[in-house]
Amino acid sequence: MRRGEFIAFEGIDGSGKSTQSRILAERIRALGRVVVLTREPGGTPIGEAVRNLLFDRSLGDFEPRTEALLHSAARAQHVAQLIAPALDQGDVVITDRFIDSTLAYQGGGNRLSLVDLESIQAFAIQDTLPDLRILIDVPPETALARRLADAAHVNRIDEAGLAYHSRVAETFRQLAAVHPERWFVVDGSLAESDVTEQMLAAIRNRFDSLSAI
């Protein structure tokens, strides 16, 4: 059986990546394909438990290495329990965040070593890598304002401040610039429909199997 397609959406919180990942999943399902739409941290019972822990505002600040290891542990479970089996079945897997979020947030945001983080990611995911990473790039000021405007969903990461989120956004851009063949970057400050059209065009260009979306 042919391996399925694996697409990861990346970007800072408030960029619109969750919306675009849902739109893409709907378009691909309309073709009759099975789509697994998932997120990180999360995607499995263990991953969702880790997510609740990481975003719990009552716990205060995490040691950056603890935060990185928790994200990576949830990812290892995510790959083993959900992502790899779905790909082996020929399904399309779309994830809202994957390894590059750890490099951007814990590396850029928390200033941990990217070399160390990449080593941990290799251990967590083995050889399960996205076929395409889609970066929805927006100014940190815009994204943070969107997040803070929704008080019911503000989490510990949202409260880290503009300087932190600026480092995260810049790290995402640097990762995409180093390996452009792995990425499609779209301006998330455009109208939602324009972001969608550019994203769909990139999918058609990259995957012959999804050219009809």
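I count a residue as buried under 20% relative accessible area, exposed over 50% and partly exposed in between, with a 1.4 Å probe and protein chains only. Helices (H or I, at least four residues) and strands (E, at least two) are taken as DSSP runs and numbered from the N terminus.

The model is predicted: local features need pLDDT of at least 70 and side-chain atom pairs count only at pLDDT 80 or more, while totals for chains, interfaces and linings use all residues. Residues are numbered from 1 along each chain as its sequence is written, and side-chain values use heavy atoms, with hydrogens and water left out.

**Entry 1: strand 4**

I began with strand 4, residues 132–137. How many of its residues are buried? I found six of six buried, so by the cut-off above strand 4 is mostly covered. I then looked at the two faces separately. Leu132, Ile134 and Ile136 are buried on one side, and Arg133, Leu135 and Asp137 are buried on the other.

**Entry 2: the partners of strand 4**

For pairing I used the rule that DSSP must find at least two bridges between two strands. Strand 1 (residues 6–10) runs parallel to strand 4 and is joined to it by four bridges. Along this pair I noted Ile7 opposite Leu132 and Phe9 opposite Ile134. Strand 5 (residues 183–187) also pairs with strand 4 in the parallel sense, over five bridges. There I noted Asp187 of strand 5 opposite Asp137.

**Entry 3: strand 1**

I went on to strand 1. Five of its five residues are buried, and it is mostly covered. Phe6, Ala8 and Glu10 are on one face, Ile7 and Phe9 on the other, and both faces are covered. Strand 1 also pairs with strand 3 (residues 92–96), parallel, over four bridges. In that pair Ala8 stands opposite Thr95.

In what order do the five strands of the open sheet stand? I read the order as 2-3-1-4-5, with parallel pairing. Strand 2 and strand 5 stand at the edges with a single partner strand each, so one side of each is left without a neighbour in the sheet. Neighbouring strands are turned by 20 degrees against each other on average, direction ignored.

**Entry 4: helices across the sheet**

For angles, axes are lines fitted to C-alpha atoms, for helices over the stretch in contact, and the angle runs from 0 to 180 degrees between N-to-C directions. Contact means heavy atoms within 4.5 Å. Helix 3 (residues 64–88) lies across strand 1, strand 2 and strand 3, at about 155 degrees to strand 2. Helix 4 (99–109) lies across strand 1, strand 4 and strand 5, at about 20 degrees to strand 1.

**Entry 5: helix 3 and helix 5**

From helix 3, Ala68, Leu69, Ser72, Arg75, Ala76 and Val79 take part in the contact. From helix 5, Leu117, Ile120, Gln121, Ala124 and Ile125 meet them. I sorted these contact residues into eight nonpolar, two polar and one charged. In this sorting Ala, Val, Leu, Ile, Met, Phe, Trp, Tyr, Cys and Pro are nonpolar, Asp, Glu, Lys and Arg are charged, and the others, Gly among them, are polar.

**Entry 6: Thr171**

Is Thr171 buried or exposed? Thr171 is in helix 7 (residues 162–178) and counts as buried, because its relative accessibility is 8%. Leaving out residues up to four places away in sequence, I found that Thr171 touches Leu103, Ala104 and Gly108.

**Entry 7: backbone in the loops**

Pro41 is in the loop between strand 2 (35–39) and helix 2 (45–54).

Arg111 is exposed, at a relative accessible area of 62%. Gln126 lies in the loop between helix 5 and strand 4. Its phi is near 55 degrees, again a positive value in a residue other than glycine. Gln126 counts as exposed because its relative accessibility is 55%.
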